[in-house]
Amino acid sequence: MRDETIGAFLDSLAARVPAPGGGAVAALHAAQSAALLAMVARYSTGPKYEQHADVVERVLVKADALRTDALELAEDDAEAFFAVTETYQLPQETDEQKTARSEAIATALAAAAEPPAAVIIAATHLVAMAEELLPVGNPNVVTDVAAAAEAARAAATTARLNVEINLAGVADQAVRDRLTATAGEVDDLAARADQVTAAVRRQVGA
């Protein structure tokens, strides 16, 4: 996926195929958020920003790492979804086959919920980084901080849907509880993203 052109990816997304879908889109929202934060950080270096160089450098390093991680999550999501579709094709003619199929589906659904859950966690970090960078970054690219926060919000809210749709089929209660808790963090994340955007709009006089 990372080596596709944007046009080729959109063609795949629009096609009648199981994946890529919303999960991959969520991860790519996170990747774009990370890229925007890295760009703002790179525009916030030099003597003028020396007082906050440690914050800028920390954001830059983490944003570059999260961009790579998010691309991997997009690929992981597509692979996990294909794995789910394969389990539904398993035979179910005997009781043993039905049991094995049910167990395979539950395992595959739990695995499919992991990439979007990781996207939510990444988005939480991205919003926190936007909050850090906003007061110290280059004001000429301040709207890109808001854009990064909005992309992180889109990543999280989209990923939450992909976690929730798999939850009903997850048999392991501990896994269900962990995934539910992760999805439960999204409303707070979205509110924080709203605050970043509102602060930027005030700054630019909107």
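**Labels and their grounds**

Analyst: In this predicted model, E79 has its place in helix α3, which covers residues 53–87.

User: What makes E79 exposed rather than buried?

Analyst: The relative accessible area of E79 is 57%, and since the label "exposed" asks for over 50%, E79 is exposed. E79 also belongs to a negative surface patch, together with D69, E72 and D76.

User: Why is that patch called negative?

Analyst: Asp and Glu count as negative, and the patch is formed by D69, E72, D76 and E79, so the label follows from the residue types.

User: How do you know that E114 and R178 form a salt bridge?

Analyst: The closest N and O atoms of E114 and R178 are 2.6 Å apart, and because a salt bridge needs a side-chain nitrogen of Lys or Arg within 4 Å of a carboxyl oxygen of Asp or Glu, the pair qualifies. E114 lies in helix α4 (residues 95–133) and R178 in helix α6 (residues 173–183), so the pair ties together parts that are 64 residues apart in sequence.

User: What makes R153 buried, and which residues does R153 meet in salt bridges?

Analyst: With a relative accessible area of 18%, R153 falls under the 20% limit and is therefore buried. The side chain of R153 meets E150 in a salt bridge at 3.0 Å, N to O, and meets D194 in a salt bridge at 2.3 Å, N to O. R153 lies in helix α5 and D194 in helix α7 (residues 186–203), so this pair ties together parts that are 41 residues apart in sequence. E150, by contrast, lies with R153 in helix α5 (residues 142–167), three residues apart, about one turn of the helix.

User: How do you know that the bond between A19 and P20 is cis?

Analyst: The bond joining A19 and P20 is cis, with an omega of about 5°, whereas most peptide bonds are trans. P20 is placed in the loop between α1 (6–14) and α2 (22–42).

User: How many helices and strands does the protein chain have?

Analyst: The protein chain has seven helices and zero strands.

Key: Residues are numbered from 1 along each chain as its sequence is written. This is a predicted model: local features need pLDDT of at least 70, side-chain atom pairs count only at pLDDT 80 or more; totals for chains, interfaces and linings use all residues. Side-chain values use heavy atoms; hydrogens and water are left out. Patches are made of residues with over 30% relative accessible area and no salt bridge: like charges are joined within 9 Å, nonpolar side chains (Val, Leu, Ile, Met, Phe, Trp, Tyr) within 5 Å. Accessible areas come from the Shrake-Rupley method with a 1.4 Å probe; for residues, only the protein chains shown count as cover. The place of a charge is taken as NZ of Lys, CZ of Arg, CG of Asp or CD of Glu. Helices (H or I, at least four residues) and strands (E, at least two) are DSSP runs, numbered from the N terminus. Buried means under 20% relative accessible area, exposed over 50%, partly exposed in between (1.4 Å probe, protein chains only).
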